[in-house]
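Dear colleague,

I am passing on the structure below, and I would be grateful if you could read the notes that follow alongside it.

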Amino acid sequence: MITKRPLIYWVKTSSMKLQLFLLIIIAVNIAARVFPLQMQRKIVNEAIGLKKINLLLLYCGLYLAAVLVASGLKFAITAIQTYLGQETLSRIRKELYAHILTLPIGFFRKASSGMVVSSLVTEVVSAGELVGQAIAVPVNNILTLLAFAGYMFYLNPLLAAISIGIYPIVIFVVPKLQKRSNIANKMRVDVTRDLSSKIGETITGIHEVHGNASYRIENGKYGEFVDRLFRIRIVWNLYKQGIKALNNLFQNLGPFTLFIVGGYLAIQGRFDLGALVAFLSAYEKLYDPWKELMDFYQVYQDATTGYGRLMEYFDVTPEHAIEPTDREPYQLEGSIHVQDLSFAVAGGVQLLKQVNLDLKPGEQLALVGFSGSGKSTLAQCISQLYSYTGGSVLIDGKEVSQMTKKDLSHNMGIVAQSPYIFDGTIKENLRYSCEALLDDRDADKQPRLPSLDEMIEVIQQVGLFIDVLRFGLNTVLAGDQQDELAIKIIRMRENFKDRFGEKLADYVEFFDETRYLNFSSVAANLTFGSPNLKEFTPEHLAENEYFLHFLDEAQLKRPLMNLGRELAAQFLDILGDLPPDEVFFKESPISPDELDDYRAVIERIGHSRLHEFSEQDQRLLLRLALRFIPGVHKMATLPEVLRDLILEGRFLFIDKIQKDRPGAFTFYRMSDYIYSQTILDNILFGKTTSDHPNAQDRINQSIIHLLIEEDLLERIVEIGMDFRVGTKGDRLSGGQRQKLAIARVFLKDPPILIMDEATSALDNASQKRIQTLLETKWKGRSTLISVVHRLDTIKGYDKVAVMKAGKILEMGPYQELIDRKGVLYELVHGAKAAA
Amino acid sequence: MSSSMEPKQPLSEYQENLEILLQLPLFAGLPIEPLKVLAYLCKRETFKPGEMVFHEHEVDANAYYIIEGQGVLLSQTDGEVGYTEYGEREFIGSMSLFCDVKRLFTLKATTKMVCLTLSREKFQKVLERFPDISIKMVEAILTGIHAWEERLLREHGHACEGCRKRIGVSLV
């Protein structure tokens with residue numbers, strides 16, 4: 001298991017070829033670094049001393065070559081190190097993530113997702129980088145040290161011994177200082193944590209502080225922590241700097257002894273001058289590897305403790321194997337036999353006590369009871385999400401706790417209480433459960449992914465069809481490659497107007513050249529068309545000189561700028577300090593990433609007058625005003641005067657642009673498809689004015705009617721399948737998420753279905769539809785265990801089990817239990833009625 | 001705010017919403033920052049006479065303030081028996097902001113009805129940013145329930161035998 005591996009494991013498993021190659025380069029590099037010293041000596045003694053120019057050139061050339069080779073190799077070493085480090089880092093990340101995913105559900109109740117995120121994102125970094133350095137840095141630096149030291153001994157053993165004699169002292173002293181520095185560092189972390197919680201406390205209770213004017217008390221308490229932190233930080237820094245200073249001191253002492261002893265020897269003529277120069281260079285070159293070793297020592301300390309803590313945190317054993325190693329996953333029939341099942345959590349609380357039940361393949365069981373009675377827990381024990389602590393659960397005679405995850409996923413479909421929908425399209429989410437069954441085996445053994453028809457069938461069954469159709473209708477078609485579709489839609493548009501136009505007039509604002517469109521943007525109101533050139537698209541309009549000139553001519557520039565200022569100021573006043581969230585921006589002309597720009601604009605312009613704004617600010621404000629849709633953006637109103645001015649401007653613009661730039665716009669005409677608008681808006685030839693379900697229902701009915709006539713229904717649904725549901729599926733409603741979760745399990749078609757209050761967020765009609773489906777299509781096909789919260793849906797089940805306090809009180813067919821007038825009767829008719 | 005520079009300009013829908021929220025007991029005790037966001041997130045809906053605002057037995061995750069018009073509570077299981085009438089300036093459905101509740105009644109518009117609606121989804125987003133407001137709002141709801149039963153007892157407690165047996169909602 002990954003968490004048991006020491007850091008050295010990652011070094012051992014990194015690419016050995018590369019590590020070996022690295023060692024070879026290091027060896028060459030060290031030679032290339034010592035070589036210039038020898039050249040130095042020869043340059044001084046032989047070339048300069050004997051005044052030989054050709055020798056000087058030769059030695060200098062060799063010197064230069066060695067330096068170049070050394071630099072090149074140094075870069076190669078760093079490159080290989082980086083590769084090894086990053087490669088290890090990504091291995092640790094992948095394997096740790098794979099491990100974390102398999103940890104029992106219980107683990108995640110105490111582990112915050114923030115902790116998991118920071119572990120995988122930041123905390124593993126130092127460990128990974130260490131592995132890159134683990135061989136290269138110590139080997140490189142120790143060898144370099146030895147090489148230089150060896151060279152020094154070669155020059156003069158006595159001098160070498162004297163100057164290197166200092167290092168053992170450093171090796172002895174530094175770790176002791178480091179230990180103290182570590183202690184101080186730990187204290188710093190603790191006090192910083194106290195300090196933050198103190199700040200948090202004061203800020204939360206700021207009302208009380210103001211109310212009591214207790215500034216002195218709070219400053220005092222806070223001051224105490226700051227003072228402690230002050231002292232600790234000084235100590236900590238002193239140790240850190242002390243280590244550095246000590247290191248430096250010893251380093252600088254070296255030349256001192258060299259000069260004293262070496263100088264004396266040179267004067268005596270027992271040591272040549274060139275050798276002394278080389279000696280000094282060699283000594284100075286000792287410093288770099290030595291410093292790198294020291295740094296490595298610190299990185300090593302940080303990384304090992306960090307890595308240790310990290311792995312300790314995730315050191316939990318997965319409860320079940322992921323997949324069988326010696327056989328294919330089971331193909332089960334779906335008979336379930338639960339005997340004396342019990343489940344206790346820490347503290348000895350028994351959530352399930354001696355539960356017994358038997359289901360034949362295809363039988364359906366409803367679990368009912370008060371919340372906290374253990375019905376969900378029972379379902380989760382049977383589906384291996386919880387590991388039961390006593391008794392047994394057998395599926396086709398095989399113990400569930402002994403099965404692998406894969407055995408279960410091949411045979412069971414689970415709809416959780418609050419199902420999770422992942423970012424992606426509807427289609428991807430529908431296929432999620434089926435796709436999970438794919439693996440690395442041969443293609444012909446793979447389960448088949450559901451076809452489009454199957455997916456459409458199942459979304460019809462669960463009642464998601466209209467929703468997906470709606471997503472399709474709200475799609476903006478890209479470009480004109482969809483010509484044949486566009487032609488059909490234009491045909492629908494005419495039919496729609498003839499047959500439903502009047503009836504739906506309350507819910508649709510039709511495009512009308514003579515009227516201001518309250519549900520279209522100011523830009524659309526002015527141009528009354530969709531742009532065919534990039535420079536006229538809404539994003540570019542405020543920068544388009546031609547358009548700006550037109551605004552001036554139509555006397556619209558200033559009033560629109562004023563509108564822009566009003567919009568920005570109001571919006572910032574409402575939401576300025578909140579972290580951006582999609583919901584807050586749905587009905588705003590400002591997008592989340594523009595928030596900062598507009599905050600800056602509003603601060604800059606302050607109370608200044610329109611003519612004083614910089615050109616940049618003017619354009620930003622215009623851009624905002626051009627996006628303004630009075631019917632949607634409710635933080636500002638469109639003054640009547642401005643509205644009339646815009647309407648007049650429209651006629652001027654249409655006139656002008658047709659003369660100056662014919663073809664720049666496709667105007668809103670009944671005969672043309674409008675590519676800047678959604679399919680729905682194109683069919684309606686207008687905009688819906690309400691997204692209330694009542695209004696949507698009416699529009700849907702008529703649209704579906706027409707779509708069927710044009711044979712476009714499935715085509716639009718197919719487009720809708722590519723709708724992206726957003727992170728956590730938050731662009732879907734709770735009901736839509738539940739339907740999607742049920743649909744994906746139905747598509748998987750497993751022999752066992754576990755549904756845990758799977759229809760709780762659905763409206764009555766959808767709930768009934770799914771219940772009917774379970775009773776007709778799935779009865780006899782899949783064994784079903786359904787945790788039920790509404791008692792009016794349980795009549796069709798083969799068996800009903802009533803639970804209370806972790807026990808099954810009674811179990812049997814619905815009518816039998818009702819006739820018995822026991823607990824179920826009480827639940828259905830109310831306790832008082834039974835009394 | 002810049003609107004003060006042009007006094008003739010009518011209030012924006014957002015500003016009107018804010019004024020409404022400030023008058024409602026459920027929101028009156030809240031700080032202005034979350035109220036502004038709530039006012040911004042509220043939505044106006046128009047219902048035609050005879051149209052259903054919400055349906056019996058259906059989950060409805062909205063609260064409503066009636067700006068204009070009238071509606072009546074019905075029970076369809078009892079054959080469209082009418083119960084309470086609701087009219088202008090009344091606020092209903094605050095519980096839906098906090099949890100899934102299936103409506104026990106249908107609300108049918110008897111005239112054209114304009115409502116200010118707030119959905120739970122949007123409300124919950126505000127709650128995430130301003131978690132402290134929930135306590136104040138729960139207090140307001142519970143005080144409302146208490147006052148409601150107190151009034152029922154005072155006005156009808158002696159008259160209706162059946163009601164007395166069922167009294168105790170303020171003890172939930």
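Helices (H or I, at least four residues) and strands (E, at least two) are taken here as DSSP runs, numbered from the N terminus. This is a predicted model, in which local features need pLDDT of at least 70 and side-chain atom pairs count only at pLDDT 80 or more, while totals for chains, interfaces and linings use all residues. Residues are numbered from 1 along each chain as its sequence is written, and chains are lettered from A and ligands numbered from 1 in the order in which they are written.

Chain B contains 6 helices and 8 strands, and along the sequence these follow the pattern α-α-α-β-β-β-β-β-β-β-β-α-α-α. The C-alpha trace of chain B spans about 60 × 35 × 30 Å along its principal axes. Of its 172 residues, 32% count as buried (20 or more other C-beta atoms within 10 Å of the residue's own, with C-beta atoms placed from the backbone).

In chain A, the axes of helix H2 (residues 16-48) and helix H3 (residues 53-101) come within 8 Å and cross at roughly 160°, the axes being lines fitted to C-alpha atoms over the stretch in contact, with angles running from 0 to 180 degrees between N-to-C directions. That crossing angle makes H2(A) roughly antiparallel to H3(A), a term that applies to angles over 145 degrees.

The domain assignment of chain A, whose bounds come from an automatic or database source, includes domain 1 (1-156 + 293-319) and domain 2 (157-270). The C-alpha centres of domain 1 of chain A and domain 2 of chain A lie 26 Å apart.

Methods
Angles under 35 degrees count as roughly parallel, over 145 as roughly antiparallel, 65 to 115 as roughly perpendicular and the rest as oblique. A residue is buried if 20 or more other C-beta atoms lie within 10 Å of its own, exposed if 12 or fewer, and partly exposed in between; C-beta atoms are placed from the backbone.
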